[in-house]
Amino acid sequence: MAVAGGKIDYQGGRWSVPDRPIIPFIEGDGTGPDIWRASQRVFDAAVAKAFAGSRAIVWKEVLAGEKAFKATGNWLPDETLAVIREHRVAIKGPLTTPVGGGMRSLNVALRQILDLYACIRPVRWFAGVPAPVREPQKLDVVIFRENIEDVYAGIEFEAGSDKADKLRDFLIDQLGVKTLRQGSAIGVKPMSKFGSQRLVAKAIQYAIDHHRPSVTLVHKGNIQKFTEGAFRDWGYQLAKESFAGDTVTEAEGVKGKVVIKDRIADAMFQQVLLRPDEYSVIATSNLNGDYLSDACAAQVGGLGMAPGANVGDGYAVFEATHGTAPKYAGQDKVNPGSVILSGVMMFEEIGWGAAGKAIVAGIEGALAAKKVTYDLARQMPGATEVPTSTFADAIIAHLK
Ligand code: NAP
């Protein structure tokens, strides 16, 4: 018999979570079903372990991608968006992006409809995971990337098009722009005070709640003063006005408070490699964050174990950061780590951190036992390659 569940709510900036919350999930295409089966078992076991049976998740499948197309003729049924909106928190596996267009991207649709303005990517190393640097354990950052503006606002005009030429003429004739080569493609990069400050606020609040030592504003303000530079200025201003009691600037350096600092984007790529332990929470604009997230993930052993979340106010969607790896579909072979760790983020977000902690211990245990999926086994001396499902079993066996 199906167990009745309740709805997660959000009021006054806080989640209200029943003991049996209904959480919609999209299993994903390609290897998605293999990964989801394994992940769901890990989530259920972790919740049972952490809360001694007093809490449980009531999973509700919603369709998207190929599975939705086969069942409904629609890659992204409205029903799916409505259910996620109603239940506020959802988790998804990877989805195929059909070549040739004509279909809305789920991520874009959800981002816009639910105003998921923060793309959050925690990046840390797990002992045993092969990494390209000597001291991967020194990098432990949580990247907050603005998710709506900047290049995602997507205003572009093609080289040689009427609109590009019109805009060029307008810039020269009306706005005093002196040089702009004829026939140029033109892109517009909108960044607002509102959009920047709410992202920085989320990052600072996270640092306070999780006792993180600093928030670094990453920007290219030396070149783009009024967009990237303003992001930095608005960030400092917000910290001063809204978090005065909890934050200090780098120059002030008071112990016990979150230090707000800033770095220019290109320097930051060096810093995360050369002095990774000086950084903790990072708040950055859309394009910088895109690059920095993947670079950081690569530094600790790649995207296979990198989770992500798109979060707004009262809505959150957690997801794998890799694709569907279709050549391995149905083989019970690939690493479920990315979805499982995005579940850890989900538990932390809804205040069920004990379940997340249990899973992290489980993953550390499975890695220490060297029972890992092919992608890790091929680089770990002495490791035993196990299927997706067995890796999940090993995690469950080591839950603490
Ligand atoms: P991909 O699915 O990420 O796969 C590329 C390679 O990454 C795989 O061949 C495999 O490497 C490795 N890999 C990916 N996931 C893995 C896992 N869970 N465990 C171990 N190794 C893993 O990228 P793609 O082939 O470019 O894209 C395939 C489809 O996914 C496309 O339709 C794309 O649009 C879509 N996609 C979806 C998302 C999303 O929904 N978030 C993100 C990216 C791409 P080896 O071959 O070396 O074993």
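1. In α1, the residues I35, W36, S39, V42, F43 and V47 meet V339, I340, G343 and F347 of α10, where contact means heavy atoms within 4.5 Å and helices are DSSP runs (H or I, at least four residues) numbered from the N terminus. Sorted by class, this contact of α1 with α10 comprises 8 nonpolar, 2 polar and no charged residues, with Ala, Val, Leu, Ile, Met, Phe, Trp, Tyr, Cys and Pro counted as nonpolar, Asp, Glu, Lys and Arg as charged, and the others, Gly among them, as polar.

2. The model is predicted, with local features needing pLDDT of at least 70 and side-chain atom pairs counting only at pLDDT 80 or more, while totals for chains, interfaces and linings use all residues. Residues are numbered from 1 along each chain as its sequence is written, and side-chain values use heavy atoms, with hydrogens and water left out.

3. The axes of α1 (residues 32–50) and α10 (residues 337–349) come within 9 Å and cross at roughly 35°, the axes being lines fitted to C-alpha atoms over the stretch in contact, with angles from 0 to 180 degrees between N-to-C directions.

4. Helix α1 also packs against α11 (residues 353–368), where the axes come within 8 Å and cross at roughly 120°. V42, F43, A46, V47 and A50 of α1 and A354, A355, A358 and I359 of α11 make this contact, and its residues divide into 9 nonpolar, no polar and no charged.

5. The ligand is surrounded by 19 residues, of which G323, A325, Y328, N335 and Y374 are the closest, a residue being near if one of its heavy atoms lies within 4 Å. By class, this shell holds 9 nonpolar, 6 polar and 4 charged residues.

6. An oxygen atom of the ligand lies 2.6 Å from a backbone N or O atom of A325, and a polar side-chain atom of K327 is 2.8 Å from an oxygen atom of the ligand.

Methods. Helices (H or I, at least four residues) and strands (E, at least two) are DSSP runs, numbered from the N terminus. A polar contact is a pair of N or O atoms within 3.5 Å; within protein, one must be able to donate a hydrogen and the other to accept it, and residues adjacent in sequence count only if both atoms are side-chain atoms.
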